[in-house]
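Thanks for coming, everyone. Let me put the structure up.

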Amino acid sequence: MVNYIRQWKFLFAFLLIFSLAGTQISLAGTASEEKVKKLEEQIKILADEIEAIKSASVTEPTVYETEFGLAPAASKVYRVDQGISFGGYGELLVGNVKEGDGNDVVDTLRLVLYNGYKYNDNIIFNSEIEFEHGTTGSNKDGKSGSASVEFAYIDFLISDAFNLRGGLLLTPFGTVNEIHEPTTFYGVGRPEVERRIIPSTWRESGAGAHGTFDLGNAGELSYRAYAMSSADARGFKASDNRSLRIKGNRARFEDMAFVGRIEYDPTPGIRVGGSFYYGNTGQGEKVNGQTIDGLFKMYSVDGQFQYAGLDLRALGVWTSLDDAALINQMKEYTGSKSVGEEQSGWYVLGAYNIFSVFNSASRYMEYLAPFFRYEKFDTQEKVPAGYERDPANDRTQYTIGLNYKPISNVVIKAEYQNLDTAAGESEDQYNFGIGYVF
């Protein structure tokens with residue numbers, strides 16, 4: 001948009017100079033020398049303006065901000081005047097971060113397209129279509145990609161403090177599930193705690209409210225609170241919660257869940273947040289004539305501190321599951337295959353943009369951030385009586401890496417990861433990636 005404005009301004013200035021020059025010629029025989037001199041000064045001013053426009057013709061793309069609980073590019077529709085909005089993001093990975101079978105791979109992990117429509121200032125449609133792994137077909141190892149609707153909803157904007165939203169929604173839990181574009185997190189892959197316990201990216205059908213309160217000198221307080229289709233107990237397993245997601249695909253609606261998130265920003269650069277999830281997951285299933293309620297409760301707290309080039313982040317999450325023994329019977333799990341009656345996980349991360357200490361004029365020396373992330377999580381912290389914990393599900397992982405942004409909306413990543421389990425297993429990985437938003 002800025003370039004278009006400059007182009008029109010350049011054309012206007014050129015035409016005005018041409019007009020003034022013609023006027024000068026026509027008046028040369030009749031106008032006074034004073035008028036001619038004044039016209040020459042105006043021409044010089046416009047010529048200088050054109051040079052300034054030309055010298056500033058190369059600009060940085062817009063640096064997007066998060067809005068309404070959505071990632072930077074995902075909230076693009078809120079910034080248009082009216083009509084269609086288009087954006088997206090993508091990720092390419094090199095390594096074995098997603099495979100875990102010892103083979104190095106290169107993977108077009110995601111291509112995401114955002115399409116929105118702003119009917120007016122109060123009613124907005126927003127959607128995300130995600131293509132994973134380059135194709136919906138299978139590769140030589142029998143692994144296939146997918147095409148999915150990640151979210152599709154209508155927002156009814158009423159006031160800053162209270163708005164309504166309904167459709168296929170991102171679950172407002174943790175930090176990465178809603179804000180997961182590759183330029184917003186460190187590392188080639190998302191934190192394991194927010195993949196295995198919080199099953200990002202997690203979305204379900206539902207409706208609810210969201211808003212922000214301006215607290216003046218005390219900062220801002222924002223919230224999102226939804227009633228959603230609940231998880232399905234048939235998806236529980238020992239190693240992670242990723243199979244709990246129904247993704248809006250003809251989900252059983254015998255049970256509902258209530259999900260909410262609060263974020264408090266006391267001052268720019270500091271944010272603390274908390275999330276909760278509360279819902280039965282039995283979805284009408286019975287074992288030996290006994291109905292499974294499967295009440296699933298999740299809680300998380302998180303914080304972020306940013307100052308100059310420093311970025312510190314932390315998150316902790318805890319879960320509890322009722323009727324875990326009945327779910328084991330339904331799934332025919334025995335021994336160490338039990339679902340987790342309780343789970344927990346946490347991580348801390350520190351990063352520093354080393355370019356922040358330089359006053360370099362180079363447009364490619366703005367962001368280079370080494371980072372360190374430490375994670376510890378156990379998806380079987382407690383299991384029902386008569387079952388066993390698998391020490392392989394008690395995991396510790398640290399990641400050392402580098403994020404480089406040649407421009408604000410493109411990131412190049414490299415990392416080394418080490419994963420250890422209480423079973424004595426250890427795994428090392430080197431991974432590389434490219435991410436972009438638009």
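First, a term. A cavity is a set of grid points where a 1.4 Å probe fits but cannot get out, and its lining residues have an atom within 4 Å of a point. Keep in mind that this is a predicted model.

So, what lines the largest cavity? Eight names to look for: Leu70, Phe151, Tyr153, Arg165, Leu169, Leu170, Glu178 and Tyr226. By class, that lining has 6 nonpolar and 2 charged residues, with no polar ones. The space inside comes to about 40 Å³. A search of the whole structure turns up 5 cavities of 30 Å³ or more.

Which strands each supply at least two residues of this lining? They are E4, residues 146–157, and E5, residues 163–170. E5 gives the most, with 3 residues.

Stay with the lining for a moment. Arg165 has its charged end over the ring of Tyr153, 4.7 Å from the ring's centre. Elsewhere, the charged end of Lys413 sits over the ring of Phe185, and there the distance to the centre is 3.8 Å.

Now the rings. A pair of aromatic rings is described by the distance of the centres and the angle of the planes. How many aromatic pairs does the structure hold? There are 17.

Take Tyr114 and Phe151. Why is this pair called stacked? The ring centres are 6.1 Å apart and the planes meet at 20 degrees. Planes under 30 degrees apart count as stacked, so this pair qualifies. Tyr114 lies in strand E2, residues 105–118, and Phe151 in strand E4, so the pair ties together parts 37 residues apart in sequence. Buried or exposed? Tyr114 is buried, at 3% relative accessible area. Phe151 is buried too, at 1%. Remember that Phe151 is also one of the residues lining the largest cavity.

The next pair is Phe173 and Trp202. Their centres are 6.4 Å apart and their planes are at 50 degrees, so this one is tilted. Phe173 sits in the loop between E5 and helix H3, residues 193–196. Trp202 sits in the loop between H3 and strand E6, residues 203–214. The pair links distant parts of the chain, 29 residues apart. Phe173 is buried, with a relative accessible area of 0%. Trp202 is buried as well, at 2%.

Finally, that pair belongs to a cluster. Phe173 and Trp202 form one aromatic cluster with Phe236, Tyr277 and Phe296. That's my tour. Over to you.

Key
Residues are numbered from 1 along each chain as its sequence is written. This is a predicted model: local features need pLDDT of at least 70, side-chain atom pairs count only at pLDDT 80 or more; totals for chains, interfaces and linings use all residues. Side-chain values use heavy atoms; hydrogens and water are left out. On a 1 Å grid over the protein atoms alone, a cavity is a set of points where a 1.4 Å probe fits but cannot get out, and a pocket is an open set with protein on both sides within 12 Å along at least five of seven lines; lining residues have an atom within 4 Å of a point. Grid points are joined across faces, edges and corners, and a volume is the space filled by probe spheres set on the points. Helices (H or I, at least four residues) and strands (E, at least two) are DSSP runs, numbered from the N terminus. Ala, Val, Leu, Ile, Met, Phe, Trp, Tyr, Cys and Pro count as nonpolar, Asp, Glu, Lys and Arg as charged, and the others, Gly among them, as polar. Rings of Phe, Tyr and Trp (its six-membered ring) pair if their centres lie within 6.5 Å; planes under 30 degrees apart count as stacked, over 60 as edge-to-face and the rest as tilted. Buried means under 20% relative accessible area, exposed over 50%, partly exposed in between (1.4 Å probe, protein chains only). A charge sits over a ring if NZ of Lys or CZ of Arg is within 6 Å of the ring centre and within 35 degrees of the ring normal.
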